[in-house]
Amino acid sequence: MSLAPAFTIPDAMGMRRAMGRFLTGVAVVTTQHEDEQYGMTISSLTSISLEPPILMISLNFGTRTGEALLESGKFAVSILGAKQESVARRFAVRGGDRFGDGDFDITDNGLPVIKGALAQADCSVVQQYDVGDHQVFFGQVTTCRDRDGEVLAFKAGRFGSFSDFGHAEIPWMF
């Protein structure tokens, strides 16, 4: 019988490796400031509250998207489908034109969202905190929409998809 590894104080790579074991969805967050569009791929997206509807996103310090979001006070989220890996990769690379070669819809707040994404939400920032090496934003969802489809997943630095076990859906309201 093998012994479990010992607990250690994690360095940055140890923390990344450990948290990389957690399967997440993949989303693109967008914003606009002074007529310029900004966006980046994220996996740190959480629904915080249903009433009122509030999402949380977390961005590294020093991103152009984060700085623009601080100024604009609004953001949109597109949750990507399994066939949108190329979109995730385009928005994950620093620099370059992310918006020139894509298909987008525009939210009521005037923000671009990825056409064909599984879900899209338009948000107004209600709180922002600096935590560790990240900016954490809480946004009240002003409008959203969704469709069925296979989700794009991310685990341990790799994109993939998710397969359920075929069980009945678990009710969301308890």
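How many bridges join β6 to strand β9, and in which direction do the two strands run? Six bridges join β6 to β9, which covers residues 119-131, and the two strands run antiparallel. Before I go on, please keep in mind that this is a predicted model, in which local features need pLDDT of at least 70 and side-chain atom pairs count only at pLDDT 80 or more, while totals for chains, interfaces and linings use all residues. Residues are numbered from 1 along each chain as its sequence is written, and side-chain values use heavy atoms, with hydrogens and water left out.

When I speak of strands and helices, I mean DSSP runs numbered from the N terminus, with helices being H or I of at least four residues and strands being E of at least two. Two strands pair if DSSP finds at least two bridges between them.

Let me stay with β6 for a moment. On the pairing with β9, I79 has A119 as its bridge partner. Strand β6, residues 74-79, is also joined to strand β2, residues 27-33, by four bridges, and these two strands run antiparallel.

Now to the charged side chains. How many salt bridges does the structure hold? The structure holds three, where a salt bridge is a side-chain nitrogen of Lys or Arg within 4 Å of a carboxyl oxygen of Asp or Glu.

One of them is formed by the side chains of E85 and R89, at 2.8 Å from N to O. Both residues sit in helix α3, residues 85-92, and being four residues apart they are separated by about one helical turn. For exposure I use relative accessible area, with buried meaning under 20%, exposed over 50% and partly exposed in between, for a 1.4 Å probe and protein chains only. On that scale E85 is partly exposed at 30%, and R89 is partly exposed at 48%.

Another salt bridge is between K115 and D105, whose closest N and O atoms are 2.8 Å apart. This pair links distant parts of the chain, with K115 in the loop between β8 (112-114) and β9 and D105 in strand β7, residues 104-106, ten residues apart. K115 is partly exposed, with a relative accessible area of 42%.

D105 also forms a salt bridge with R145, the closest N and O atoms being 2.6 Å apart. Since D105 lies in β7 and R145 in strand β10, residues 134-146, the pair ties together parts that are 40 residues apart in sequence. R145 counts as partly exposed, at 44% relative accessibility. Through shared partners, salt bridges join D105, K115 and R145 into one network.

Accessible areas come from the Shrake-Rupley method with a 1.4 Å probe, and for residues only the protein chains shown count as cover. Lys and Arg count as positive and Asp and Glu as negative, with His and the chain ends not counted, and the place of a charge is taken as NZ of Lys, CZ of Arg, CG of Asp or CD of Glu.

A positive surface patch is formed by R17, R21, K155 and R158. R17 lies in helix α1, residues 12-19, and is exposed at 52%. A negative surface patch is formed by E34, D35, E36, E67 and E71. E34 is found in the loop between β2 and β3 (36-42), and is exposed with a relative accessible area of 70%.

I will finish with two individual residues. S58, in strand β5, residues 53-60, counts as buried at 14% relative accessibility, and its C-alpha atom is separated by 8.6 Å from that of S43, 15 residues apart along the chain. R90, in helix α3, is partly exposed at 24%, and its C-alpha atom is separated by 8.3 Å from that of T41, 49 residues apart along the chain.

Methods:
Patch = residues over 30% accessible without salt bridge, like charges linked within 9 Å, V, L, I, M, F, W, Y side chains within 5 Å.
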